[in-house]
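Let's take a walk through this model, starting with a handful of annotated residues and then moving on to some strands.

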Amino acid sequence: MTEGKIIKALSGFYYVKTTDSQETYQCRGRGVFRKNKVNPLVGDIVEMEKSNPGEGYVVDVKPRKNELVRPPIANIDQAIIVVSAVKPDFSTLLLDRFLVLIESKQIEPIIFISKMDMVAPDIQAQIHQFKQDYLQIGYKVQPVSTMRPEGLDEAVKHFKGKTSVIAGQSGVGKSSLLNAIDPLLELETNEISESLGRGKHTTRHVELIEINQGFVADTPGFSSLEFNEIELDELSDCFPEMNERKAGCKFRGCMHHKEPKCAVKAAVDSGEIPEYRYNHYLQFMEEIQNRKPRY
């Protein structure tokens, strides 16, 4: 038996990189998986049995520390959320939506602000303020540009020894960024569509690629940004600045909405919490309240 990590799943095969020799084997799953409804995922730590040279069978899947459904991947250390400064314009709403989804899975988010070389002087201050807001909350924020080596040198450090997923709307330059960090990757990219204001999907299957002694998922991204798995009473915990202040609220279980003597609303009023973050919280709250019940 040999231990390894699934780095790609394609057409019923699992490509397992062994822990000891760092060789990759093309494996089938044993029939017992189908019987027990176990679905091996990219990122899984597995036990495999070698058969022919370069081939084998996955015989056991080790317990996962976390998993995502879309993209289907397990054992993630961090999620790198790429938001563009321009083309498409920086969206705090979309960023907060990604952050809440990542926080709900107990995965550490890191924010990359891409296309910094394209920022016009009149919006530089605005982008800088957004960066400061998210740093103040406690997030790691890394401005990057495929045209500026210094930002890429800092960006690559975040990948070392970690298994990462990259999230972000189409067209923000996720594949271009990875290609700039490691030109040998040659990931497929598409120019952003001017008419639609967004890019086309170029990545079709989940695969872990190696960058700086770590793995990053080259994936189709988050195809759903809906809060289907988040309950109403969990939402404020996905906003770190609210979670750390909830003990100061008068009522236990405060929803930070209409309740009096709420520490979160007081922090919004005093400017400690950006008003747009609180407004997004209320918007997401309404979305969860209005979603169709699950049976």
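A residue counts as buried here when its relative accessible area is under 20%. Keep that cut-off in mind, and remember that this is a predicted model.

Start with Cys 262, in the loop between α6 and α7. Its relative accessibility is 6%, so Cys 262 falls on the buried side of the cut-off. Look around it and, setting aside neighbours within four places in sequence, you'll find contacts with Cys 249, Cys 254 and His 256. Those names turn up again in the UniProt record: an unreviewed entry has a "binding site" annotation covering Cys 249, Cys 254, His 256 and Cys 262.

Now hop over to Cys 254, which sits in the loop between α6 (240–243) and α7 (263–269). Cys 254 is buried too, because its relative accessible area of 9% is under 20%. Not counting residues up to four places away in sequence, Cys 254 touches Cys 249, Glu 259 and Cys 262.

Next, the strands. Find β9 (residues 108–114), where six of the seven residues are buried, leaving the strand mostly covered. On one pairing, β9 runs parallel to β8 (residues 78–84) over seven bridges, with Ala 79 opposite Pro 109 of β9. To get from β8 to β9, the chain passes through helix α2 (residues 92–104), in a right-handed β-α-β crossover.

β9 also pairs with β10 (residues 140–143), again in parallel, through four bridges. Here Ile 111 has Val 141 in β10 as its bridge partner. Follow the chain from β9 through helix α3 (residues 121–137) to β10 and you trace a right-handed β-α-β unit.

Conventions: Residues numbered from 1 in each chain as written. Predicted model: local features only at pLDDT ≥ 70, side-chain atom pairs only at ≥ 80, totals over all residues. Heavy atoms only, no water. UniProt positions renumbered as here; feature names shortened; annotations may be inferred. Helix = DSSP H or I, 4+ residues; strand = E, 2+ residues; numbered from the N terminus. Buried < 20%, exposed > 50% of the residue type's maximum accessible area, 1.4 Å probe, protein only. Contact = heavy atoms within 4.5 Å. Pairing = 2+ DSSP bridges. Right-handed = clockwise from strand over helix to strand, strands pointing away.
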